[in-house]
Protein chains: 2
Amino acid sequence: MKTQLADFNTNLSEWFNDIVLKAELADYAPVKGCMVIRPYGYALWENIQKFMDPLIKQHGVDNAYFPLFIPISYFEKEKEHAEGFSPELAVVTVGGGKELAEKLAVRPTSEMMMYEMYKKWFGSWRDLPVRMNQWCNVVRWEKRTYLFLRTSEFLWQEGHCAHLTSEENMAEVIWAIKMYQQTYNELMGMYGIIGVKSNAEKFAGGSKTYTFESLMPNGKSLQACTSHDLGQNFSKSIDWTVQDQKGEKAMPWQNSWGFSTRSIGGLIMSHGDEKGLVLPPNIAPIQIVIVPIPNHQKALSKSQELISQLSSYRVKLDTVEGETAGAKFNKWELKGIPIRLEIGDRDVDSNTVIICRRDTGEKQTVQLPELNQIIESLLKEIQQNLFEKHKKFTQDNTFTVDNYDDFKKVMETTRGFIKAHWCENPECEAQIKTDTKATTRCLPIDAAKEEGSCVHCSQPSHHRWLFGLSY
Amino acid sequence: MKTQLADFNTNLSEWFNDIVLKAELADYAPVKGCMVIRPYGYALWENIQKFMDPLIKQHGVDNAYFPLFIPISYFEKEKEHAEGFSPELAVVTVGGGKELAEKLAVRPTSEMMMYEMYKKWFGSWRDLPVRMNQWCNVVRWEKRTYLFLRTSEFLWQEGHCAHLTSEENMAEVIWAIKMYQQTYNELMGMYGIIGVKSNAEKFAGGSKTYTFESLMPNGKSLQACTSHDLGQNFSKSIDWTVQDQKGEKAMPWQNSWGFSTRSIGGLIMSHGDEKGLVLPPNIAPIQIVIVPIPNHQKALSKSQELISQLSSYRVKLDTVEGETAGAKFNKWELKGIPIRLEIGDRDVDSNTVIICRRDTGEKQTVQLPELNQIIESLLKEIQQNLFEKHKKFTQDNTFTVDNYDDFKKVMETTRGFIKAHWCENPECEAQIKTDTKATTRCLPIDAAKEEGSCVHCSQPSHHRWLFGLSY
């Protein structure tokens, strides 16, 4: 393995691979395009689950588990869905030593499987709304893969709900994307823009897709999760009706929403720096590392006391032998631990400890009796600071553009988000992509109505869309 | 669906299928041999995870995630392991529309995948012990399947550890099986016997397998989880060595241990009765159901108050309209809720409520101010009662047998566990199976040394083994 990280500012993608491997977040699997999530990376996913699962349950969604294997024929029922996913399928053709009569897809997403079961189970308006979620693995065969950001197998949660009315259904589509926004903002310290995708960019088989778009340090936009209004498309394709209050047949309205391990890729990039990871305290598997100066005996005993004094936090004591203090500091900076406590024998004598912040590198000496109180507020401050920094970065790199030359110039130089008028004609969208590589990221949910003319064709437009380079 | 359950006492296997479907624990999936775990069933699995995951972490095991797909060639490295699993593999031959150069097995277990990564990551005695666990899905193609008990895809956790010494390794094998025993006893109210498997029954590729064997109401034994001492078999097969303290090459000793959704099948059978499920309070997704008598208005308001009074428990209020009180009682008895509270307007007037226990059917009227205290002790009592009942059933159906005629007679009549001398010759074991269908379940961990002669061939034997019919 390389001893140095690639440069964060000039070579983010190589820095990213380096840090994922060196911080032991994940590794390449023997199967091309797949990855192993190592304990330090998996702990991030567990903290996402701990934050999000209660929010999902409080909303009235039940967890369940649907099968990994989906008969290939199921994919042919919803045409757009089939066209979207068929090229990406991993297919099981042999089971128990025999060629299978019907080939099985390894699930790339579970719409078709779950909705067939919903149809079997729920036939009355009394059964609605139906709200289920599963935490599971899915497989989409990818040609170009990146650790966390795009892997052939990934972990996610997928929520699938059904309602009697379109209004209730849409309200839930919005609830889900806002719940994701809350997770990004509060847990992961990441800023982003919620909005609706263009038809070209929406989910295969859905009616409308809401996204959370987050700007990465290299000016590319990460589609960080999605919430789909499926309309009645899927209930029509499998002919699922329920009896409504009047005894008549009604077709349920459906939505689905997913949040995956891709989010961890965004987390790593959003806050990282030339020294390595920078983790927001709320998601950090280790919030505080205590480093007693090597061979300082009093400092070691005092550090062991501190472990119990700080037991309400996620704390690690570094007692590894044969490393210098400097090597230890570098190691924990690389791993992005929010707070490092340094303690030597002279600190013990003066009843003090040195606190070092990972996000700013600032150090301060504090009296031990004040330690818990200072840590409490410092963790909050670091969490807040990382979010504000990411928000400011995003705003500083969002450009309002009114002509195509400026559009192209931004995409060739600074990159970032562009707010520009677009006539909503897919041909313009395609041409802009060809010319600049930029795609429509979304129409922001809070975009004000504003009359203007398309940045590409000058036809009338009513909103500014968000454009950017896709990750 | 059938309206009645099959008879619990005379037709357990049909009762089992009926209750799994009717209580909405699970359903058959469109793919043969797979199942859908519905929310009520999945909540049981979540409660198992909540109980067991902290025990695993406290022991120093880290959660991680390894890929679903394993190159077929990996299975050929450990010969016994390959022979054991090859007939059960589901094989992916097509990915992204193309025939794959190397076929991929959908993991039936992750020894080979994880240990190849361990070999890559860990090369020094300083890296040991290694302790990792994953919660995931696995696939073993099965010809005859039963909901929960044997499905082609199932959920489990698999722990995989490596040590420098055989002693440390064995200590952990025992730790794991005892951790499982604790889960069965304390969470699931199930009794069972820990012991070591015979060579014929052990894990393919392992050295020794420890099992927890639990007796079901029809006298069959459920292998309810296993912990394997793998010796150095796998490190040899992949040539994994680490440098020991003296700078010399050492081969790690390894163990693996797994607990699956099969356990839920055991839970259902162990405590069930002719009315349906009976769930121990510690694992019950709903511990208390409140049933206000239909159309009693005061009772409905009082019930809503009770929800907050009982907020430290998992409580459900049944406000479904159009059902009689009797229908509601049956519905919740079927679902196995440990405690039912019945409340009518006259109960409100007298400030009382009726408490009904699911395990014994006993009812008592209690004063509302005493309710929480009574529920607190009643939940403990029910939990304890179910465990004691299952323990007594197991002991009442364990027979010490000294000749082959008695052995055969037990297996033809009452069934149950048999404690009998066996010479440990696999030919005797095979003949006993042919004659009686009984297999060695285990040599109990606490079996006293006792000189005797094999129940089949009369050769010397030093222990009584446990025999039974396999589920």
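Two residues are in contact if their C-beta atoms, placed from the backbone, lie within 7 Å. The exercises below use this cut-off on a predicted model.

**Exercise 1. Describe how chain B meets chain A, and say through which surface the copies meet.**

Step 1. Begin with the contacts between the chains: 40 residues of chain B are in contact with 40 residues of chain A. On the side of chain B that touches chain A, strand β5 (residues 90-95) of chain B gives the most, with 6 residues. The residues of that side of chain B divide into 27 nonpolar, 6 polar and 7 charged.

Step 2. Compare the two sides: 100% of the interface residues of chain B are also interface residues in chain A, so the copies meet through the same surface.

Step 3. Now superpose the copies, for which a rotation of 180° with 0.0 Å of shift along its axis brings chain B onto chain A, with an RMSD of 0.0 Å. The two copies are thus related as by a two-fold rotation axis. The C-alpha of chain B nearest this axis belongs to B:Val92, at 2.1 Å from it.

**Exercise 2. Work out the order of the 5 strands that form an open sheet in chain B, and name the helices that lie on it.**

Step 1. The order is β16-β15-β17-β18-β19 in chain B, and the pairing is mixed. At the edges stand β16 (315-317) and β19 (363-367) of chain B, each with a single partner strand, so one side of each is left without a neighbour in the sheet. Neighbouring strands are turned by 25° against each other on average, direction ignored.

Step 2. Look at one pair in detail: strand β15 (residues 288-292) of chain B and β16(B) run parallel and are joined by 3 bridges. In this pairing, the bridge partner of B:Ile290 in β16(B) is B:Leu317.

Step 3. Helix α9 (residues 325-334) of chain B lies across β15 and β17 of chain B, and runs at about 170° to β15(B).

**Exercise 3. Decide how helix α2 (residues 39-58) and helix α7 (residues 262-271) of chain A cross.**

Step 1. The axes of the two helices come within 10 Å and cross at roughly 110°. Angles of 65 to 115 degrees count as roughly perpendicular. α2(A) and α7(A) are therefore roughly perpendicular to each other.

Step 2. Name the residues that meet: A:Gly41, A:Leu44, A:Trp45 and A:Ile48 come from α2(A), and A:Ser263, A:Ile264 and A:Leu267 from α7(A). The residues of this contact divide into 5 nonpolar, 2 polar and no charged.

Methods:
Residues numbered from 1 in each chain as written. Chains lettered and ligands numbered in written order. Predicted model: local features only at pLDDT ≥ 70, side-chain atom pairs only at ≥ 80, totals over all residues. Axes fitted to C-alpha atoms, helices over the stretch in contact; angles between N-to-C directions. Helix = DSSP H or I, 4+ residues; strand = E, 2+ residues; numbered from the N terminus. Parallel < 35°, antiparallel > 145°, perpendicular 65-115°, else oblique. Nonpolar A, V, L, I, M, F, W, Y, C, P; charged D, E, K, R; others polar. Least-squares fit on C-alpha atoms with pLDDT ≥ 70 in both. Pairing = 2+ DSSP bridges.
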